[in-house]
Amino acid sequence: MSAEEHPQPNPLIPKQSRTPYHISGKPEKQDLVDEYKGKNLDALRTPALIIDRAVFARNCAKMHEHAKALGARFRAHVKSHKTPEGTRLQLLSNADETHSIVVSTVMEVCEVFRAGLMADGTVKDVLYGLPMAPNKIADLSALTDELSAVGASMRILIDHPDQVKVIEAWESTKTSHRRWSVFIKVDCGTHRRAGLKPDSPAFDHLLRAVIESQYIALYGFYTHAGHSYASTSFAEAADFLMAEVTAVNNAATLALSIVAATTGTQLSRDSLVLSVGATPTAHAATEELKARIESGLNGVLELHAGNYPLLDLQQLNTSLITHRDIAQRVLATVISYYPGRGEDGSDEAGCDAGALAMSKDTGPRPGYGDVIGKPWRLSRVAQEHGILTMMSPASFELGPLQGDGSLKLGDMVQIVGQHACLTLAGYPWYYVVDSDVSDGNVVVDVWVPWKGW
């Protein structure tokens, strides 16, 4: 059967298409390595995205330690960097290893497969982390078969009973059937991005539909405290983590009771996976929290996170990291200087990192990014223009101070943006340095990210 068309009309199954990964053009890694490896950063065209591989790897190891401290499995979200090199570092660190990932696009699944990460056993378990759209079911079905052929599992996320109906309608057209491995998305607070609250009638209705379906195997419950980015202390992040655990555990408790009441079967406590996490809450995972939660769990705990290898100003504001933990920055050039133009008579400078280079994401801190080693902030952006303004010494955290802190035309600056996930999305490749093998100013590799949906 072609993935492009469904074999018979069904109002639940729209026209289908496959992710065109085979024609998704991207730069050739080896060409870029040949061109840039060994060059100093001051020889690069700006704006440029820089990743310190040593810091990235340390952050991955730290996250594995957090998961172990919590007594949890770990599932790495690869959406922030979208590269095979970064994925390997997330899964295999000097602290531990895992083989489970989350993706945000179907293209990422295709590219992980094409990169050989499943064939060599690096990736064995993939969760497509958006609620399933009906027009992607053919693609996800075909990918499930392709992953299974190399010993890997594909899982999907649902949060509406009509998604169950779509799966059942799709399977009704098949001569051989599968049971789709499903996480139900749980809303654990005020983020309201996706999912249902476990104490809502809608959640009860969805859960019963999943349990009753012959084409679905309930794998577990998944939640993400996106609102935990507002944390400003360990205690606040820990409270958000506890709320995540409580939400998925309540969901599992309800599931076990429904199964027992409807089928007479008593499921074991390790039959469901309870997946929790966001970078701030994952940073709060400790043995002390493990002691508070493990006795009452009705499932196997899994921790997930995605921003943590890179980090950014939003994460710095949580107070759970330091600026030395931030692995990414944007290299930009000062393209003009405006003495006294600021509202308070202070100087301003123009740079070539604007909204497309930094994104327009904001955070608790003002502006769109802070300059490393200079008391300047990216306060305003247009498409390609960035306006740097002077900040007070009390606001300057990305030290130590370089020289007298001044800027002039032609200077190169390194800017840490508010949200790494969106900043990286603007770049066709990343220049990789390694502060463990040099001073972090020489390109040692180039990573080419996956693009598209």
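Are Phe183 and Tyr219 buried or exposed? Phe183 is buried, and Tyr219 is buried as well. The model in which they sit is a predicted one.

## Confidence and overall form

The mean pLDDT of the protein is 94, and 98% of its residues reach 70 or more. Residues 1-6 have a pLDDT below 50. Beyond near neighbours in sequence, this stretch has 15 contacts in the model.

The protein contains 13 helices and 17 strands. Its radius of gyration is 23 Å, close to the 22 Å that the globule rule gives for 453 residues, so the protein is as compact as a globular protein of that length. The C-alpha trace spans about 75 × 50 × 40 Å along its principal axes.

## Burial, surface and contacts

Of the 453 residues, 57% are buried. The protein exposes about 18,800 Å², and carbon and sulfur atoms supply 52% of that area.

Among contacts with a separation of 6 or more, 77% are between residues 24 or more positions apart.

## Aromatic pairs

The whole structure holds eight aromatic pairs. One of them is formed by Phe183 and Tyr219. This pair is edge-to-face, with 5.2 Å from centre to centre and 80 degrees between the planes. Phe183 belongs to strand S6 (residues 180-186) and Tyr219 to strand S7 (residues 216-223), so the pair ties together parts that are 36 residues apart in sequence.

Phe203 and Phe221 also form an aromatic pair, and this one is tilted. Their ring centres are 6.1 Å apart, and the angle between the planes is 40 degrees. Because Phe203 lies in helix H7 (residues 201-212) and Phe221 in strand S7, the pair ties together parts that are 18 residues apart in sequence. Phe203 and Phe221 are both buried. Elsewhere, Tyr36, Trp429 and Tyr431 form one aromatic cluster.

## Arginines over rings

Tyr219, a member of the edge-to-face pair with Phe183, also has Arg155 over its face. Arg155 is at 3.6 Å from the ring centre.

Trp180 has an arginine over its ring too: the charged end of Arg178 sits there, 5.5 Å from the ring centre.

Pro47 is in the loop between helix H1 (29-36) and strand S1 (48-52).

A cis peptide bond also joins Gly399 and Pro400, with omega at about 5 degrees. Pro400 is placed in the loop between strand S14 (386-390) and strand S15 (412-417).

Leu311 is a residue other than glycine with a positive phi, near 65 degrees. Leu311 is found in the loop between strand S9 (300-305) and helix H11 (313-316). Why does Leu311 count as buried? Its relative accessible area is 1%, and buried means under 20%.

Ser359 is not a glycine either, yet its phi is positive, at about 80 degrees. The loop that holds Ser359 runs between helix H12 (355-358) and strand S12 (369-371). Ser359 has a relative accessible area of 12%, so this residue is buried.

Technical notes: Residues are numbered from 1 along each chain as its sequence is written. This is a predicted model: local features need pLDDT of at least 70, side-chain atom pairs count only at pLDDT 80 or more; totals for chains, interfaces and linings use all residues. Side-chain values use heavy atoms; hydrogens and water are left out. Helices (H or I, at least four residues) and strands (E, at least two) are DSSP runs, numbered from the N terminus. Buried means under 20% relative accessible area, exposed over 50%, partly exposed in between (1.4 Å probe, protein chains only). pLDDT is the predictor's confidence in each residue, from 0 to 100. Contact means heavy atoms within 4.5 Å. Rings of Phe, Tyr and Trp (its six-membered ring) pair if their centres lie within 6.5 Å; planes under 30 degrees apart count as stacked, over 60 as edge-to-face and the rest as tilted. A charge sits over a ring if NZ of Lys or CZ of Arg is within 6 Å of the ring centre and within 35 degrees of the ring normal. The radius of gyration is taken over C-alpha atoms; the globule rule is 2.2 Å times the number of residues to the power 0.38. Accessible areas come from the Shrake-Rupley method with a 1.4 Å probe; for residues, only the protein chains shown count as cover.
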